[in-house]
Amino acid sequence: MWARNTSPLTVTDNEQRVRDPLLISLRWWCHVGVCSDKLCFEALPAVVKNRKRACLEPWVIGLITFISLIVLAVCIGLTVHYVRYNQRETYNYYSTLSFTSNKLYGDFGREGSKNFTEMSQKIESMVKDAFHKSPLREEFVKSHIIRFSQEEHGVLAHMLLIFRVPSTEDPEAIDKIIQHVLPEKLQDAVGPPKLDPESVEIKKINKTETDNFLNNCCGTRRSKTASQSLRIVGGTEVEEGEWPWQASLQWDGSHRCGATLINSTWLVSAAHCFRTYKDPDRWTVSFGVTIKPPKIKQGLRRIFVHEKYKYPSHDYDISVAELSSPVPYTNAVHRICLPDASHEFYPGNEMFVTGFGALQNDGSSQNHLWQVQVDLIDTQTCNEPQSYNGAITPRMLCAGFLKGKRDACQGDSGGPLVSPDSRDIWYLAGIVSWGDECAQANKPGVYTRVTAFRDWIRSKTGI
């Protein structure tokens, strides 16, 4: 039977019966076996002999304290300076720039067209190079063409310039540099198009004005979590402004289908959404990431279903609907871009489908908008016997995963399948149409191919 030693710290006469805290501590560590025997035998006598000598003089303690305070003050000062310097403010500018091109204005003047994108990229790239060759290379964020307008001797590019400037900088000094840099550096720009540096005009604008310009462009959005989305079936909830063109179509107040805003008064949706529900007076439309409460709510004036849509066939599954009054564009509600008929979407392109539909087959619709990233699947693969066995027509496209797990589902019908271009402007690639249950292996979602109906949409809406 083991007994615990209850008095290991007793002081002997040979140790002058002093209860020195350092000595008692060292003896205890020796007793429990933490220190080596050699250390114990050599250190214990030395502790007693040198205890007086080990005490620091008051002036030494004062000096150490003084130096410590200086070091602490320097560290605090450096930290404050670092934090202040790295706090940045956003500066927004509206700029116009004249240019001439070997292309006719009609070739690139229409927003959302391929030629519009290409011309915008060229000018944005020239502007970026100009600022990257200037003292503002670290502060310049981006330029963004918002529109073109025709002039007597050329074309005027209207664009936004965005900078992130340290809060320590003088705003007036930065403004002078910005005003000076672009006309100077664009002298070296190589076209086409041929820019006129002397025509540059730049005006500082506030955040509200910037938002208004961006919201009036098609396909712009506030991106936060979309690129990280993993899980509609297998999706994630959406934050306000992420997919501002999404609408909910409600029959007698109950959500039935999704839809996509293509301008302030027109929606695109699926034909089958209106198969047995044709009276526009009983439909309402809501916008925003929740159905209740909505950001905006509207009625419908009229509905056009494609003339060749015949139930139970899924072909020609497209409709357009006119709102009872225009919706104002905001950060949370504005339009998608419509692709040209010649626009190509390729397997591997980034795509998202959004909706208020069920999170599993035969489930209930959701009050909150959901999103899921999907892959475009080529028609040949989708028409294989184990998939849809030839049912996919040239007016349809497939998106999802052959292994299943992520997909649109009931209640998402009519909603958007969207994809960005190289400028991060988003286009309506598809309309949620049909599928074999939800998220089943070899049964990806099937969508109405919007490019196949571009002329039909224009004929009904003028867009």
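## Lysine 460 and glutamate 307

Lysine 460 and glutamate 307 form a salt bridge, their closest N and O atoms lying 2.9 Å apart. The term salt bridge stands for a side-chain nitrogen of Lys or Arg within 4 Å of a carboxyl oxygen of Asp or Glu. This pair links distant parts of the chain, 153 residues apart: lysine 460 is in helix α9 (residues 454–461), and glutamate 307 is in the loop between β11 and β12. Helices (H or I, at least four residues) and strands (E, at least two) are DSSP runs, numbered from the N terminus. Lysine 460 counts as partly exposed because its relative accessibility is 25%, and glutamate 307 counts as partly exposed at 44%. Buried means under 20% relative accessible area, exposed over 50%, and partly exposed in between, with a 1.4 Å probe and protein chains only.

## Basis of the model

This is a predicted model, in which local features need pLDDT of at least 70 and side-chain atom pairs count only at pLDDT 80 or more, while totals for chains, interfaces and linings use all residues. Residues are numbered from 1 along each chain as its sequence is written, and side-chain values use heavy atoms, with hydrogens and water left out.

## Other salt bridges

Side chains of opposite charge can pair when their charged atoms come close. By the rule above, the count comes to twelve salt bridges. One of them joins the side chains of glutamate 242 and arginine 221 at 3.8 Å, N to O. Glutamate 242 is buried, with 0% relative accessibility, and arginine 221 is buried as well, at 13%.

Arginine 301 pairs with glutamate 322 in another salt bridge, where the closest N and O atoms are 3.9 Å apart. Here arginine 301 sits in strand β11 and glutamate 322 in strand β12, 21 residues apart, and the pair links distant parts of the chain. Glutamate 322 has a relative accessible area of 10%, so it is buried. A network of salt bridges links Lys207, Asp211 and Arg222.

Two strands pair if DSSP finds at least two bridges between them. Strand β10 (residues 283–287) and strand β11 (residues 296–305) run antiparallel and are joined by four bridges. Valine 285 has glutamine 298 in β11 as its bridge partner.

β11 also pairs with strand β12 (residues 319–323), in the antiparallel sense and over five bridges. Across this pairing, leucine 300 stands opposite leucine 323 in β12.

## Aromatic pairs

A pair of aromatic rings is described by the distance of the centres and the angle of the planes. Rings of Phe, Tyr and Trp (its six-membered ring) pair if their centres lie within 6.5 Å; planes under 30 degrees apart count as stacked, over 60 as edge-to-face and the rest as tilted. A search of the whole structure finds 21 aromatic pairs. Tryptophan 243 and tryptophan 426 form an edge-to-face pair, 5.1 Å centre to centre with 85° between the planes. This pair links distant parts of the chain, 183 residues apart, with tryptophan 243 in the loop between β6 (236–237) and β7 (246–251) and tryptophan 426 in strand β17 (residues 426–434). Both tryptophan 243 and tryptophan 426 are buried.

Phenylalanine 352 and tryptophan 426 are also edge-to-face, because their ring centres are 6.2 Å apart and their planes stand at 65°. Phenylalanine 352 lies in strand β13 (residues 351–355) and tryptophan 426 in strand β17, so the pair ties together parts that are 74 residues apart in sequence. Phenylalanine 352 is buried, with a relative accessible area of 0%, and tryptophan 426 counts as buried at 2%. Elsewhere, Phe99, Tyr105, Phe108, Phe116 and Phe148 form one aromatic cluster.

## A nonpolar surface patch

Trp59, Leu63, Phe66, Ile67, Ile70, Val71, Val74 and Leu78 form a nonpolar patch on the surface, and together they have about 820 Å² of accessible area. Patches are made of residues with over 30% relative accessible area and no salt bridge, where like charges are joined within 9 Å and nonpolar side chains (Val, Leu, Ile, Met, Phe, Trp, Tyr) within 5 Å. Accessible areas come from the Shrake-Rupley method with a 1.4 Å probe; for residues, only the protein chains shown count as cover. Tryptophan 59 lies in helix α3 (residues 58–86) and counts as exposed, at 61% relative accessibility.

## Threonine 381

Threonine 381 lies in helix α8 (residues 379–382) and counts as partly exposed at 25% relative accessibility. Leaving aside residues up to four places away in sequence, threonine 381 touches Ser387 and Leu402, where contact means heavy atoms within 4.5 Å. The C-alpha atoms of threonine 381 and leucine 402 are separated by 9.4 Å, and the two residues are 21 residues apart along the chain.
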